[in-house]
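Biologist: Hi! Could you open the model and talk me through it?
Modeller: Happy to, here it comes.

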Amino acid sequence: MAVNVNAARDQANQITNQIAGLKRAKTQLTDYKSSLAANWSGAEVRYVSKGIDQVVRQIDDVINRLTSLSNAIKSAAAVKREEDAAARAKAQAAARAKAQRIAKAKSDFEKAEAEYKKKKKELERLTKNDDDAPGEFDALLRDSKIFENFERIQKLNEELEKSKDLMESKRRIWDNARR
């Protein structure tokens, strides 16, 4: 059952007000008993005084019970406030952790993407088809450069594929972190 902290505080305050009213009634009865004893000397005064004493004891008992109840309500409200504060702190910590995971995943993705683009650009540079080459000699020269860089081109193709896989993996991790 959920505890409404504000309602509990209001109830405890109402109980405190009732206790104050009972204390006033007790004081009035005690004052009345004193006045009765001072101003009336009949035999029945002793019985009236006993009756007032009995009512005062009952009022004290009710005051003690209400005080205990008020303290229990205040204690429960304090525990609930602490639990709520702990839950808020936990939720905030989880949100911060998620934001950090997202930021790291984004950074990792961006690094992988930059590496992929760098390798792709280098591969394009090595295999560039220069259509402006006017003659057969230039075409042979271009083909000879590609042949010279064949091993590097093959290695770059492999690295490019791995880099692409890594980039896609990092994108999936980033997407999952944002969920």
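**Surface, cores and salt bridges**

Modeller: To begin with the surface, the protein exposes about 13500 Å², and carbon and sulfur atoms supply 53% of that area. Please keep in mind that this is a predicted model.

Biologist: Thanks! How many helices and strands does the protein have?
Modeller: There are 4 helices and 0 strands. Along the sequence the pattern reads α-α-α-α.

Biologist: And what share of the residues counts as buried?
Modeller: Of the 179 residues, 18% count as buried. As for contacts with a separation of 6 or more, residues 24 or more positions apart account for 82% of them.

Biologist: Which residues make up the largest nonpolar core?
Modeller: That core has 12 residues: A105, F109, A112, Y116, L123, L126, I153, L156, L160, M167, W174 and A177. Two or more residues each come from α2 (44-126) and α4 (150-177). Apart from it lies another core, of 10 residues, with A12, I59, I73 and A77 among them.

Biologist: What about the length of α4, how far apart are its end C-alpha atoms?
Modeller: They are 40 Å apart. That agrees with expectation, because the 28 residues of α4 should span 40 Å at 1.5 Å a residue.

Biologist: New topic: how many salt bridges turn up in the whole structure?
Modeller: The search finds 12 salt bridges. One of them is between K33 and D53, whose closest N and O atoms are 2.6 Å apart. This pair links distant parts of the chain, with K33 in helix α1 (residues 5-39) and D53 in helix α2, 20 residues apart.

Biologist: Are K33 and D53 buried, exposed or partly exposed?
Modeller: K33 counts as partly exposed because its relative accessibility is 24%. D53 is partly exposed too, at 28% relative accessibility.

Biologist: What is the N to O distance between R178 and D175?
Modeller: Their side chains meet in a salt bridge at 2.2 Å. R178 is partly exposed at 42% relative accessibility, and D175 is partly exposed with a relative accessible area of 27%.

Biologist: Last one, I was curious about S70. Where does S70 lie, and is it buried or exposed?
Modeller: S70 lies in helix α2. S70 counts as buried because its relative accessibility is 3%.

Biologist: What does S70 touch?
Modeller: Leaving out residues up to four places away in sequence, S70 touches A12, I15 and T16.

Biologist: Great, thanks for the tour!

How values were computed:
Residues are numbered from 1 along each chain as its sequence is written. This is a predicted model: local features need pLDDT of at least 70, side-chain atom pairs count only at pLDDT 80 or more; totals for chains, interfaces and linings use all residues. Side-chain values use heavy atoms; hydrogens and water are left out. A nonpolar core is a set of buried Ala, Val, Leu, Ile, Met, Phe, Trp, Tyr and Cys residues joined through side-chain atoms within 4.5 Å. Buried means under 20% relative accessible area, exposed over 50%, partly exposed in between (1.4 Å probe, protein chains only). The expected span of a helix is 1.5 Å times one less than its number of residues. A salt bridge is a side-chain nitrogen of Lys or Arg within 4 Å of a carboxyl oxygen of Asp or Glu. Contact means heavy atoms within 4.5 Å. Accessible areas come from the Shrake-Rupley method with a 1.4 Å probe; for residues, only the protein chains shown count as cover.
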